Amino acid sequence: MNITIFGGTGRTGSEILRRALQDGHEVRALVRSPEKSAAQAGLTLIQGDVRDAEAVRQIIAGADAVVSALGTDSATTLTEATAAIIQGMKEHGVARIVTIGTAGILESRTEPGKLRYQTSDSRRKQTFAAEEHQKAYEMLRDSPLDWTVICPTYLPDGEAVGGYRTQRDYLPVDGQQISTGDTAAYAYAELLAKKHIGYRVGISY
């Protein structure tokens, strides 16, 4: 496959990228500083900004699937990039996308009709990042794409060890954390398996 990755130098995105290359896929990644990444067979690094709709459109051309492991910052980078990715995919006829979200945008178990970050389900005090993820999720939900949003809870660095649990639209009961390695392993597997098109998927140990 030809896979386009956004956020491919991040904690989770770099592991998804590694797995895709290991399996022999051709990968293209839009990065700010290509010189900081080592050359690898099957990998094409293109310098650009994820908020630049034209750069996003160009790197999506020819892709069979897209991965976005973009995080949030203090600005609206995530939502700007998501809008550009959706438009680029529509223009080039690319349907499949897997993104990394946050458990905060899963459904609340304590207050039906609300998201976790809006209730006591979540202990977060600052909600800007969750709000950005919610907007990105809603853009995907309202698009014609074959989307899946993987929603990890507390996400420390760590290898893939397996033994995790997943659930559509909810965080698994008593889920406390999930490593970057296992989040990446599951996201990559779901990109290919397409078992949860049109769903958020909570993941935790």
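In which sense do strand β4 and β5 pair, and over how many bridges?

1. The pairing of strand β4 (residues 65-68) with β5 is parallel and runs over four bridges; two strands pair if DSSP finds at least two bridges between them. Ala65 has Arg96 of β5 as its bridge partner. Strands (E, at least two residues) and helices (H or I, at least four) are DSSP runs, numbered from the N terminus.

2. Before going on, a word on the basis: this is a predicted model, in which local features need pLDDT of at least 70 and side-chain atom pairs count only at pLDDT 80 or more, while totals for chains, interfaces and linings use all residues. Residues are numbered from 1 along each chain as its sequence is written, and side-chain values use heavy atoms, with hydrogens and water left out.

3. β5 also joins β6 through five bridges, and these two strands run parallel. Here Ile97 stands opposite Trp147 in β6.

4. The open sheet has eight strands in the order β3-β2-β1-β4-β5-β6-β8-β7, with mixed pairing. Its edge strands, β3 (43-47) and β7 (165-168), each pair on one side only.

5. Is β5 enclosed or open? Five of its five residues are buried, so β5 is largely enclosed by the rest of the structure; buried means under 20% relative accessible area with a 1.4 Å probe, protein chains only. Arg96, Val98 and Ile100 lie on one side, Ile97 and Thr99 on the other, and both faces are covered.

6. Helix α5 (residues 180-193) lies across β1, β4, β5, β6, β7 and β8, at about 165° to β5. Such angles run from 0 to 180 degrees between N-to-C directions, and axes are lines fitted to C-alpha atoms, for helices over the stretch in contact.

7. Now the helix pair: α3 (residues 77-92) and α4 (residues 128-141) pack at about 10°, with axes 8 Å apart. That makes α3 roughly parallel to α4 (angles under 35 degrees count as such). Among the residues that meet are Ala83 and Ile86 in α3 and Ala136 and Leu140 in α4; contact means heavy atoms within 4.5 Å.

8. The buried residues of α4 include Glu132, His133 and Tyr137. Their cover includes α3, β5 (96-100), β6 (146-152) and β8 (199-204). As a check on α4, its 14 residues should span 20 Å at 1.5 Å a residue, and the end C-alpha atoms are 20 Å apart, which agrees; the expected span is 1.5 Å times one less than the number of residues.

Conventions:
Angles under 35 degrees count as roughly parallel, over 145 as roughly antiparallel, 65 to 115 as roughly perpendicular and the rest as oblique. Buried means under 20% relative accessible area, exposed over 50%, partly exposed in between (1.4 Å probe, protein chains only).
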